[in-house]
Every structure is written in structure tokens, then in C-alpha cells.
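Morning, everyone. Please look at the sequence and the model on the screen.

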Amino acid sequence: MALAQGDVIAARRAGLKRMGEHMTAMKAASDARAPGTQFVGTLEEMITFYQGLPARFPAGTESGGETKALPTIWSDPVGFSGASAETVAKLQALRTAAASGDGAAFEAAWKAVGPTCGACHRTYRAR
Ligand code: HEC
């Protein structure tokens, strides 16, 4: 049981780490006002990941491994899912901007994603 919980925790943390790396890679394009066209596939992956994020926090995975998940995830599941949906919405807008090949649109849409990550972290993740 503890091992299974630890596996779920390790997998979601690895996934989130990968999402952070994607954001860093896109920052370089955003800073350069590059079109970002090459990130459409990355953004498809990110959208799917955040659509499935709440399911990566099943009951019992508040412990059993090293995790910064706060109890608020399980006491406020609607709020947690809503926070994930905010990120999905901004990622969908960013995918549209990336596909358009408009560097300024990509930059603006990229900058709108980060605050949604931070909003969830403030309420649902330990520092
Ligand atoms: C719905 C809530 C939510 C959203 C939205 C969210 N995160 Fe997180 N994030 C978490 C939680 C909770 C953890 C802690 C997970 C754990 O330790 O089990 C976390 C952890 C992380 C980590 C640390 C992973 C590790 O190495 O342990 C990174 C990096 C990260 N998030 C990046 C992002 C980025 C980038 C975004 C936006 C694109 C984002 N997150 C959006 C809830 C969220």
C-alpha cells in the first residue's frame, strides 16, 4: 500500500517537473518573441496532463511518499479541479497562439499561464 502511494506521488511529481521544463523551454521563445509554432505538440501534452491532474491526487496520497501536496486538495476538491481547469484554459489559448505563428500573441499567452500555476500552488502546495 505504502509502495503504491509512493509510486503515484513519484509519478505526479515527475510529470509536474516535466511541465516546469516545458514552461522554461517556452519562456525562451516568448522572450525572443519567436512564433512558438514548434510547441503545439508540447502544448497538447500539457493540456492532457492538466486535464488529468486532479486524478493524480487520489485519496491516500497525502502521505506515503515525499509530497508537498496540502490537505486542502482533499478538503476542497472542487476548488482544486477548478484551479487545474484554469491552467488548461490558458494552455488552450497558448496552443492557439502557437499554431497562429504570431510571436506577440505567443508571448502574451505564455505570460498568462504562469499565474494560474502559482494560484494553485499558493493554496494547494506546501512551500
Ligand atoms: C491544480 C493545481 C496545480 C496546478 C494548476 C499546477 N500545479 Fe504544480 N504542483 C501542484 C501540487 C499540489 C504540487 C506538489 C505535488 C507533490 O509534491 O506531490 C505541484 C508541484 C509542482 C512542481 C514540483 C515537482 C517536483 O519536482 O516535485 C513543479 C515543477 C510544478 N508543480 C510546476 C507547475 C507548472 C509549471 C504549472 C503550470 C503550467 C503547475 N505546476 C500548475 C499543483 C498544481
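**The ligand and its pocket**

Start with His121: a polar atom of its side chain is 2.9 Å from a nitrogen atom of the ligand. A polar contact here is a pair of N or O atoms within 3.5 Å. A word on the source: this is a predicted model, where local features need pLDDT of at least 70 and side-chain atom pairs count only at pLDDT 80 or more, while totals for chains, interfaces and linings use all residues. Residues are numbered from 1 along each chain as its sequence is written, and side-chain values use heavy atoms, with hydrogens and water left out.

Back to His121. Its NE2 atom is the single protein donor to the ligand's iron, at 2.1 Å. Donors are N, O and S atoms within 2.8 Å of the metal (3.2 Å for Na, K and Ca); water is not among the atoms, so sites may look incomplete. His121 belongs to helix H5, residues 103-124. Helices are DSSP runs of H or I, at least four residues, numbered from the N terminus.

Which atoms meet the ligand's oxygens? A polar backbone atom of Lys68 is 2.8 Å from a ligand oxygen.

Now the shell. There are 22 residues around the ligand, and Arg13, Thr67, Cys117, Cys120 and His121 come nearest. Near means a heavy atom within 4 Å. By class, the shell has 13 nonpolar, 5 polar and 4 charged residues. Ala, Val, Leu, Ile, Met, Phe, Trp, Tyr, Cys and Pro count as nonpolar, Asp, Glu, Lys and Arg as charged, and the others, Gly among them, as polar.

Where does the ligand sit? In the largest pocket. Sitting there means that more than half of its atoms lie within 2 Å of the pocket's grid points. A pocket is an open set of points on a 1 Å grid over the protein atoms alone, where a 1.4 Å probe fits, with protein on both sides within 12 Å along at least five of seven lines; lining residues have an atom within 4 Å of a point. H1 gives the most to this lining, with 7 residues.

How values were computed
Helix = DSSP H or I, 4+ residues; strand = E, 2+ residues; numbered from the N terminus. Polar contact = N/O pair within 3.5 Å; in protein donor to acceptor, adjacent residues only side chain to side chain.
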